[in-house]
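Student: Hi! I've got a model open and would like to talk through its fold. Can you walk me around?

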Amino acid sequence: MKTLILVRHGKSSWEYQVDDQDRPLKERGIKDGHLVGSALKSKNISIDAAFSSPANRALHTCMIVLRKLDFPLHKLRITKELYDFSGEDVFHFVKNLDNQYETVLIFGHNYAFTNVANSLGSKAIDNVPTTGMVQLNFSVDRWEDIAKGTTEQTIFPKQLKK
């Protein structure tokens with residue numbers, strides 16, 4: 001079985017006049033990263049590999065979540081394919097993952113992640129919110145064989161705030 005966990009980057013700031021890839025997280029994005037990271041840690045999922053878009057907001061979200069999971073940061077890989085907004089590059093990236101990995105955590109962007117979650121999952125999701133997490137399970141042995149899987153769970157910041 002293969003498990004893909006998607007985490008959309010946290011709420012970013014438009015306050016600075018910087019290139020899109022350089023946009024930072026807002027304070028809310030940082031707080032939501034801690035919330036979602038802690039909730040994911042409580043699920044006790046063993047992560048084999050983690051990949052992030054090179055965009056500042058995605059990478060910062062990734063670092064927060066991976067620290068919460070006690071995932072070794074030297075194992076994190078940054079890939080331009082996850083700096084995608086349609087989902088095409090994300091699909092290509094996932095289909096080409098190394099089959100030694102059973103559970104992979106990726107950090108990226110919308111609309112790509114909503115598209116991937118809906119195309120590959122079993123539950124319709126209107127919009128993966130900022131710092132939203134979607135876990136998809138597939139009954140296959142090879143990443144290239146993934147097709148429609150099961151939406152195992154979602155963790156959205158709004159659900160965690162009381």
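Tutor: Happy to. Six strands make up an open sheet, ordered E3-E2-E4-E1-E5-E6, with mixed pairing. Strands pair here if DSSP finds at least two bridges between them, and helices (H or I, at least four residues) and strands (E, at least two) are DSSP runs numbered from the N terminus. The edge strands, each pairing on one side only, are E3 (76-78) and E6 (150-155).

Student: Before we go on, where do the coordinates come from, and what gets counted?

Tutor: This is a predicted model, in which local features need pLDDT of at least 70 and side-chain atom pairs count only at pLDDT 80 or more, while totals for chains, interfaces and linings use all residues. Residues are numbered from 1 along each chain as its sequence is written, and side-chain values use heavy atoms, with hydrogens and water left out.

Student: Good. Which helix packs on the sheet and touches E4, E5 and E6?

Tutor: That's H1 (residues 27-41), and its direction makes about 130 degrees with that of E6. Contact means heavy atoms within 4.5 Å; axes are lines fitted to C-alpha atoms, for helices over the stretch in contact, and angles run from 0 to 180 degrees between N-to-C directions.

Student: And H2, what does that one lie across?

Tutor: Helix H2 (residues 56-68) lies across E1 (2-8), E2, E3 and E4, and runs at about 140 degrees to E4.

Student: Let's zoom in on E1. Is that strand buried or exposed?

Tutor: Seven of the seven residues of E1 are buried, so the strand is largely enclosed by the rest of the structure. Buried means under 20% relative accessible area, exposed is over 50% and partly exposed lies in between, using a 1.4 Å probe and protein chains only. Both faces are covered: Lys-2, Leu-4, Leu-6 and Arg-8 sit on one side, and Thr-3, Ile-5 and Val-7 on the other.

Student: How many bridges join E1 to E5, and how many to E4?

Tutor: Six bridges join E1 to E5, and those two run antiparallel. Six bridges also join E1 to E4, but that pair runs parallel.

Student: Which way do the E2 side chains point?

Tutor: Ala-49 and Phe-51 point one way, Ala-50 and Ser-52 the other, and all are buried.

Student: Switching to aromatics: how many pairs turn up?

Tutor: Three, from a search of the whole structure. The centres of the Phe-51 and Phe-93 rings are 5.0 Å apart with the planes at 75 degrees, so the pair is edge-to-face. For the cut-offs, rings of Phe, Tyr and Trp (its six-membered ring) pair if their centres lie within 6.5 Å; planes under 30 degrees apart are stacked, over 60 edge-to-face and the rest tilted.

Student: What else in H3 is buried, besides Phe-93?

Tutor: Val-90 and Val-94. What covers the buried residues of H3 includes E1, E2, E4 and H4.

Student: Last one: why is H4 called largely enclosed?

Tutor: Seven of the nine residues of H4 (residues 112-120) are buried, so the rest of the structure largely encloses it. Among them are Phe-113, Asn-115 and Leu-120, and the cover over the buried residues includes E1, H3, E4, E5 and E6.
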